[in-house]
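Open the model in your viewer and keep the selection panel at hand. The tour moves from the record's annotations to the ligand, then to the backbone.

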Amino acid sequence: MTETLKNDRLLRALRREPVDCTPVWLMRQAGRYLPEYRATRQRAGSFLAMAKNPELACEVTLQPLARFDLDAAILFSDILTVPDAMGLELYFVEGEGPKFRKPVRNAADIAKLAVPDMETELRYVTDAVRTIRRELAGSVPLIGFSGSPWTLACYMVEGGGSDNFPTIKALALNDPAALHRLLSVNTDAVIAYLSAQRAAGAQVLQVFDTWGGTLSPAMYREFSLPYLVRIARELPRGGGAERTPLILFGKGNAPYLEELAASGAEGIGVDWLVEMSEAARRTQGKVALQGNLDPAMLYGSPQAIADQARRTLDSYAQGNGGSRDGHIFNLGHGLSPDMDPEHVRALVDAVHEHSKR
Ligand code: CP3
C-alpha cells in the first residue's frame, strides 16, 4: 500500500511543500463528456450498475488518466451511495438526475436511520478503491470522497435534486432538532465511509458540500459548518508525512474561508465566485487551496482556456506572497457532458506549462 508515488505533486501541494509544477485534477473528470465513458456505461446498462461493479468503476476511473496528464485519480462512485446504503433506495431517471424511493421527511423517518455497515452494504466501494489502487500502481494518488452531511441531507429529505430546497428548509425551521439528528447520523456515516476508503487505499479524501452555499450565513453556521468541522477534527488520518489529507470543497463557501481554514482540514476547495488571490490572502497559508476556474470557461477556445488557466494560477500566487506552492488547480465545480475533451487537454497542459518552477 505504501509504495512510493511516481507523481506526488498533489500530496506535496496539500502539505504546501514545493513542487515542480502545480498539480491539476478536475471534478467529474470521468464522465459523459468522454466517448469511452459513454461506451462503458452502455455496456454496463446504467450508471449505478457501473458504480456498483468494482472492475467497471476502475475502468472509468482510469479513462481520463489515459488521455490527459492529470495529477490524481478520483474514485468513480457517487455521494448518494451512503443514503442508498441507509435504505433510501437510490435510482436514476434519465434526464432527471438522482432520486430516492424512500426519502426521509420527518422525525420518525430520521429516528430509524443508522450508519450503514461499510463491510457489507458499501463493500463495492472499498473493493473499487482496492482495484483502482492496484491498477494505478503508484502512478498518481487516488482521491476518495463523500458528500457533506448537509448536502446528503438535501437529497435525503427532498428525495432528489432541487432548485430551492423547500422540504429541507421547512424542516430546518419547523423541527431543527430532527434535522440536527439527521446531520449527526450523516456525520458519523461520512466519517466511517471516508475511514473505510482510506483503509482500502484512498490517499486523499474530499468532502463535497455542493449545497452549503444555498444557506443563509446563520443557517450555514448552524446546519453545515459545524458538521464539516466535526469531520475535520474526528476523521482519523494518521500523522506526519503519511497523513491522509482532507479537502473540504464547497460551492458558495467564500464567505466562510477563515472558518474553514481553522477547521483542521488540510485543503479547502472553492468555486469561481471568489478570486484565488483573495482566498489565499484570507486563509494566510493555513491550508492548501483548490480551484477555481469557472467550468464554463471550457466552452471557450483552447487559447482562451489557456489564458484563463494562467489568470487563475497567477491570481493564487499574487495572494500567496508570490509563491505557487499550496495550490491545487481544479474547476470551481464539475465538468459537463457537452464539454470537448480537447478543451480539457488544453486546460491540463496549460496549467503545467504555465506553473513550471
Ligand atoms: O469526479 C469524478 O470524476 C468522480 C465521480 C463523481 C460522480 N459524482 C460521478 C457521477 C463524484 C465525485 C460525484 C459526486 C456527486 N454526485 C455530487 C457532488 C459533486 C457535485 O457535482 O456537486 C453530487 C451532488 C452528486 C449527485 C449526483 N449524481 C448528480 C447531481 C448526478 C447527475 C445526474 C445527471 O443525470 O446529470 C449524479 C450522477 C453521476 N455521478 C454521474 C456521474 C459521472 C452521471 C451519471 C451518468 O452517467 O448518467
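The model itself is predicted.

Stop 1: Colour 23-32 first. This stretch is 0% helix and 0% strand, and its end C-alpha atoms are 23 Å apart. Now colour 143-159. Here the chain is 59% helix and 29% strand, with 27 Å between the end C-alpha atoms.

**Stop 2: the ligand.** Stay with the largest pocket: the ligand sits in it. Which of the 23 residues around the ligand come nearest? They are Arg-28, Tyr-37, Arg-41, Asp-78 and His-333. By class, the shell has 14 nonpolar, five polar and four charged residues. Highlight α2 (35-44) and β3 (97-100). Each supplies at least two residues of that shell.

**Stop 3: the contacts.** Show side chains and draw distances to the ligand.

- Arg-32: a polar side-chain atom lies 2.8 Å from a ligand oxygen atom.
- Arg-41: an N or O atom of the side chain is 2.6 Å from an oxygen atom of the ligand.
- His-333: a side-chain N or O atom is 2.6 Å from an oxygen atom of the ligand.

Switch to a surface view. Taken alone, the ligand exposes 880 Å², and the protein buries 89% of that.

**Stop 4: the loop between α1 and α2.** Go back to Gln-29, which is found in the loop between α1 (9-14) and α2. Arg-28 lies in this loop too. What is the phi of Arg-28? It is positive, about 60°, although Arg-28 is not a glycine. Most residues other than glycine have a negative phi, and most peptide bonds are trans.

**Stop 5: a cis peptide.** Select Gly-291 and Asn-292. A cis peptide bond joins them, with omega about -5°. To place it, show strand β8 (residues 288-293), where Asn-292 is found.

How values were computed: Residues are numbered from 1 along each chain as its sequence is written. This is a predicted model: local features need pLDDT of at least 70, side-chain atom pairs count only at pLDDT 80 or more; totals for chains, interfaces and linings use all residues. Side-chain values use heavy atoms; hydrogens and water are left out. A residue is near a molecule or strand if one of its heavy atoms lies within 4 Å of it. A polar contact is a pair of N or O atoms within 3.5 Å; within protein, one must be able to donate a hydrogen and the other to accept it, and residues adjacent in sequence count only if both atoms are side-chain atoms. Accessible areas come from the Shrake-Rupley method with a 1.4 Å probe; for residues, only the protein chains shown count as cover. On a 1 Å grid over the protein atoms alone, a cavity is a set of points where a 1.4 Å probe fits but cannot get out, and a pocket is an open set with protein on both sides within 12 Å along at least five of seven lines; lining residues have an atom within 4 Å of a point. A molecule sits in a cavity or pocket if more than half of its atoms lie within 2 Å of its grid points. Helices (H or I, at least four residues) and strands (E, at least two) are DSSP runs, numbered from the N terminus. Ala, Val, Leu, Ile, Met, Phe, Trp, Tyr, Cys and Pro count as nonpolar, Asp, Glu, Lys and Arg as charged, and the others, Gly among them, as polar.
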